[in-house]
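Visitor: Please show me the model, and then let us go through it piece by piece.

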Amino acid sequence: MYEYVNLPGKYASLQIKPRPMTSRRNFIRTGLTLTALTGIAGPVLLDGCESNQQNIGQQNHDEHPGKADYTIRIGTGLIEVAPQYIISTTTYNGQFPGPLLRFKEGEDVVVDIYNDTDTPEQFHWHGQFLPVDIDGAAEEGTPYIPAHGKRRQVFKPGPSGFRFYHTHLVAGGNLNMGQYNGEVGPVYIEPKNKPTGFDREEFIVMKEFEPYFQRGGDMAMGFLPGSPVAELQAMQEKAEKAHPERPKGYEVGYKVFTINGKQLGHGEPIKVKQGERILFHVLNGSASEIRSLALPGHTFKVIALDGNPVPNPTEVPLLWLGTAERISAIVEMKNPGTWIMGDLADDDRGNGMGTIIQYDGQSGKPQWTTPKPYKWDYRIFGDSTRKVQEPDEIITMLFAKDQAADHGFNRWTINGVAFDMMNMKPMFHLKKGKRYRLHMRNASDDIHPMHLHRHSFEITNINGQPTSGIIKDVAMLGGFQEMDIDFTADNPGLSLFHCHMQLHMDFGFMALFDYES
Ligand SMILES: [Cu+2]
């Protein structure tokens, strides 16, 4: 079903990622492009570069002298998720999560990234406004970190707040690749004006391990507000009726669930004092799952979404996070005891998705009570009084699922087009300085955490309800629902837009924006 192409001679280790249903000619062509991307000098064999190759190699950061602020080594690591249960996976610096990288907003940072694996890597700085040669997506033209090679990156981090890093490789049908691995780590960029109202910070990374395929899945659905749009529902029904012979497409399930790399009950408890205000920075590092988090007897005061302060910090009983979403929330410790902070899904929590919060002087068995159902509505954190700025242009996007169309996997399309990894042609064109509205329509029953690289966006409408002031880089679009996100084209260069479900993006759910010159 998949094939690898080995490049000749010294490039032998530069294997092309597995892609279904492509011609060998395309493989070879991409292989050469990849060689060019790595910056290794060699004869130019490309017959007509794609437009997205123009930005490559404009800066050679490898020449920056001195010592790196941080060094990352990508390689195989062993993660002890529980005593006598040790998982082997690809990690950053042999640990999971990868090390917390703390930067200062606007201050240059030097990061050395070594790739100790046999596969070229992409290291994506999620949520930052970086040039295409640093951002970490091959589709934008970021050079690969060669297998057993190194890249030095020098950049000005920003914007401030809770960001993260992760691999941006295509996994396709290979569950040992991409974000199914342990290649996720937190980034915190200190703002010039530090937030107040808390005593200390804790970073929480939620991530599953040991993935497997099944037909169909059980994605949490009912927690988003609003009802399905009939027209969008009808589109999926029509598509399914056109192929009654097809079964449900493959979905990913997991055997092991962790918070900060430990199954519930096996990590060190988070020790707290009564009256302490803890700022939790929660990251959903999953490749494909939507996560929830509750701490019985306590509330979360959400102060930032995806690292960006919200206009209306609000206390909520629990959190929901799509893949790659982050929430920064303050919990005031005012209910002494030993508690489980965990996912609402009993099976997932039972398989490890939780951690223990222990007050000083308390022992006892950790307590869990399932909270009442709660609708997760981004709009409560927004500013309902502010008038939304009208965009210069509205881009309508229809997302659709072609069930089990690609070797048993669902194929995903944006306006009828599945992203073609071979020609990587930009689909949408931006003019610098203009403001755009993406009117997203989901003609599928899945939730899609939609992500835009190298820019932040503002949520301006959810299912016909206007809102403003919520700045994010990933937003969950509900099944058969609609959402508007606005952004200013202020960071020229190719920018990838995709669903952050690894299985969706790998099977077509991506598009490129370019800037008109
Ligand atoms: Cu998706």
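Guide: This is a predicted model, in which local features need pLDDT of at least 70 and side-chain atom pairs count only at pLDDT 80 or more, while totals for chains, interfaces and linings use all residues. Residues are numbered from 1 along each chain as its sequence is written, and side-chain values use heavy atoms, with hydrogens and water left out.

Visitor: Which residues touch the most other members of the largest nonpolar core?

Guide: A nonpolar core is a set of buried Ala, Val, Leu, Ile, Met, Phe, Trp, Tyr and Cys residues joined through side-chain atoms within 4.5 Å, where buried means under 20% relative accessible area with a 1.4 Å probe, protein chains only. The largest such core holds 83 residues, and those touching the most other members are Phe 280, Leu 319, Trp 376, Tyr 378, Phe 497 and Phe 513.

Visitor: How many residues make up the second, separate core?

Guide: Its members include Val 111, Ile 134, Ile 145 and Ile 189. The count for this second core is 17 residues.

Visitor: Which protein atoms are the donors of the copper ion?

Guide: Donors are N, O and S atoms within 2.8 Å of the metal (3.2 Å for Na, K and Ca), and because water is not among the atoms, sites may look incomplete. Along the chain the donors follow the spacing H-x50-C-x4-H, and both Cys 499 and His 504 are buried. Lying 2.0 to 2.1 Å from the copper ion, the protein donors are His 448 (ND1), Cys 499 (SG) and His 504 (ND1).

How values were computed. Buried means under 20% relative accessible area, exposed over 50%, partly exposed in between (1.4 Å probe, protein chains only).
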